[in-house]
Amino acid sequence: MEKEGYAISKWHNTKEIYERIDNLLKQPVRGIKKDAMDRYIEYFNTKCSKSKEIITEAKKYIPGGVQHNLAFNYPFPIVITKAEGAYMYDADGNRYIDFLQAGGPTILGSNYKPVQEKVIELIKECGPVTGLFSEYELKIAKLINKYMPSVEMFRMLGSGTESVMAAIRIARLATGKKKVIKLGGAYHGWSDQMVYGLHVPGTRGFEAHGIPSSCFKHTQEVFPNNIEQLERKLRFNKLRGGTAAVIVEPVGPESGTRPIDKDYNKNVRELCDKYGALLIFDEVVTGFRIGLGGAQGYFDVKPDLTVFGKIVAGGYPGAGGVGGRRELIECLAAGIQGDKKRAYVGGTLAANPLSAAAGYFTLLEIEKTNACEVAGRAGDRLTKGLSELIEKYKLPYVAYNQGSICHLETTGTMFVKLLSLGSMNEIKKRKKMMEEMGAAYMAEGIITLAGNRMYTSLADTDDVIDEALNRFENVFKNVDGV
C-alpha cells in the first residue's frame, strides 16, 4: 500500500484515464449483441418472476416502483430478501455478488454479524430512538476525532444531504460571505442549492426541475482539475462579497467517476486560505472507506469542515454528520438562541442510539479487521482483472479505481459534452446501453451501481473477485464486435 492503513495502493494516472475515456467516446457504441440481450431479458422474465410481480404492483403506489434511485434496474428492479457478506439474494432465491454494498456504506460486508449483534442488544435495551442523549453520541464523536484530528467537534445528523446543508450554513455564518463553489459533475445531495452542475460539468441548473433559479444565486461550479478556473472564480467573487466555501468530493466528482490529480486538493486548500474561503470535504463516500483517516488523511489535507454519511452509521439508517474546527461546529450548538448567532439544524431521529451505536461499533471493527486496506486490495484485484479482460477482448472500455471505489466505463454517458451537436441523442443512446450492461451484469449474477461503479468490501475474498471476473467475462464475450 502507498500509505499504511489506506485503501489506495497507488494513485491512478488521471491524464491517462481521461485520454482513454475520450477514446471511448470516439468509438461506436459497443453494447451487448441483440441475441445475447434477448437471453438476458429472458432471465429476468423467467428467473425473477416474483420480483416482477412485486414491482408491477409497487408501481401503483410508488413513483417508478422504487423508493430509492439505487434500486432502479433495467428491465425492472430486483426485490432483495437477504444480504450477507459479499452476496445478496432476491425474492426468487437467486444469488448475486454484491458490488453495490448499499451504495457504499457497508465496507465490512452486508449485515456484518459483530455489529448486528451489538445493534440487536441495544434495541432490546432502549429501542432505536429515545429523543434524549445516548452515550454512543459521545463515543462516536470521540472516535471520529481520534481518526480525523481535523474533526475537533462532531454533530451527527440524518443524511449526507442535510449534512452538506449544515456545512454550507456554518460556512456562511462564520465567514459572512455567501458564494459556494463546487466541482462540476459532483453530487452533494439533493438540496435546492446543490442540484447544480450534476453529473456533467458546465450544466449548472440543467437537472434542477422544480427548483426556482433564484436558489442558485450563490452557487457556482468549476471544472475538475482546472485550478486556474477556480482561482479566477475566487478572485472574481472577492470583488463582489467573497466566497464562503469551496466544497469538493476529495477523490473527484461522483465518487471519483471524474478523477482528479493527486495534488488537486492541496492546491484547493492553498487557494481557500489565500481568498478567505472555508474548505469543505464531502467525505460521505470516502470517510472510513479510503481509510479511517478519510481522504483527508490520505491526501494530507486538512479541511475546515467535513461532511459524513454512509459508513458513519455502519450501513444502518440515519447516516450523516458534519465536523470540523471547534469554533465552527460550536455554531451548531443545540438549545434556545442565546447571545451568539448559530446555524440552526435539527432532526427528530438525528443521532439516534441505533445509528450512533452502529457507527461506533463499525468503526471499531474497521480498525480491528483493517477493512479499508483489505477492501482496497479487492478493488485493485477487480480493476486489474477487468483491465486485462478489456485488453483481451479489444474493447474500448476503461477500468480504474480509488481503492475500494471501482469504476468501469463502457459507455462514457456522463462524459458526453452536452453542448455539442447531437449530444442529447448521443446521451440517450449511451444511457440505454449503460442500462443494458447493468442488466447483463445482474443476469450473470453481479450487482453494480448503474452498471458502471462498484464498491468492494472486507467480505470480497480473492475467490469472490475471481468469481466476479469470470462473470464479467461472460458479459464481455457477448459484446458487439467480439
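This is a predicted model: local features need pLDDT of at least 70, side-chain atom pairs count only at pLDDT 80 or more; totals for chains, interfaces and linings use all residues.
Visitor: How many helices and strands does the protein chain have?

Guide: Both kinds of element are DSSP runs numbered from the N terminus: helices are H or I runs of at least four residues, and strands are E runs of at least two. On that basis, the secondary structure comes to 15 helices and 14 strands.

Visitor: Why does the protein chain count as being as compact as a globular protein of its length, and what is its radius of gyration?

Guide: The radius is taken over C-alpha atoms, and the globule rule is 2.2 Å times the number of residues to the power 0.38. For 482 residues this rule gives 23 Å, and the chain is as compact as a globular protein of that length because its own value is close to that, namely 22 Å.

Visitor: What percentage of the residues of the protein chain count as buried?

Guide: Buried means under 20% relative accessible area, exposed means over 50%, and partly exposed lies in between, with a 1.4 Å probe and protein chains only. Of the 482 residues, the buried share is 57%.

Visitor: What kind of aromatic pair do Tyr 136 and Phe 361 form?

Guide: Rings of Phe, Tyr and Trp (its six-membered ring) pair if their centres lie within 6.5 Å; planes under 30 degrees apart count as stacked, over 60 as edge-to-face and the rest as tilted. A search of the whole structure finds 15 aromatic pairs. The ring centres of Tyr 136 and Phe 361 are 5.5 Å apart with planes at 55°, so this pair is tilted.

Visitor: How many residues apart in sequence are the parts that the pair of Tyr 136 and Phe 361 ties together?

Guide: Tyr 136 is buried at 14% relative accessibility, and Phe 361 is buried at 14%. Because Tyr 136 lies in helix α5 (residues 135-147) and Phe 361 in helix α12 (residues 353-369), the pair ties together parts whose separation in residues is 225.

Visitor: What kind of pair do Tyr 360 and Phe 361 form?

Guide: Tyr 360 is buried, with a relative accessible area of 15%. Its ring centre is 5.2 Å from that of Phe 361 and the planes stand at 65°, so the pair is edge-to-face.

Visitor: Which residues does Gln 229 contact, leaving aside its neighbours within four places in sequence?

Guide: Gln 229 lies in helix α7 (residues 227-238) and is buried, with a relative accessible area of 18%. Contact means heavy atoms within 4.5 Å. With those neighbours left aside, the contacts of Gln 229 are Val 222 and Phe 223.

Visitor: Where is Gln 101 found?

Guide: Gln 101 has a phi near 45°, a positive value in a residue other than glycine. Gln 101 also counts as buried, at 0% relative accessibility. Its place is the loop between β3 (95-98) and α4 (113-126).

Definitions and conventions. Residues are numbered from 1 along each chain as its sequence is written. Side-chain values use heavy atoms; hydrogens and water are left out.
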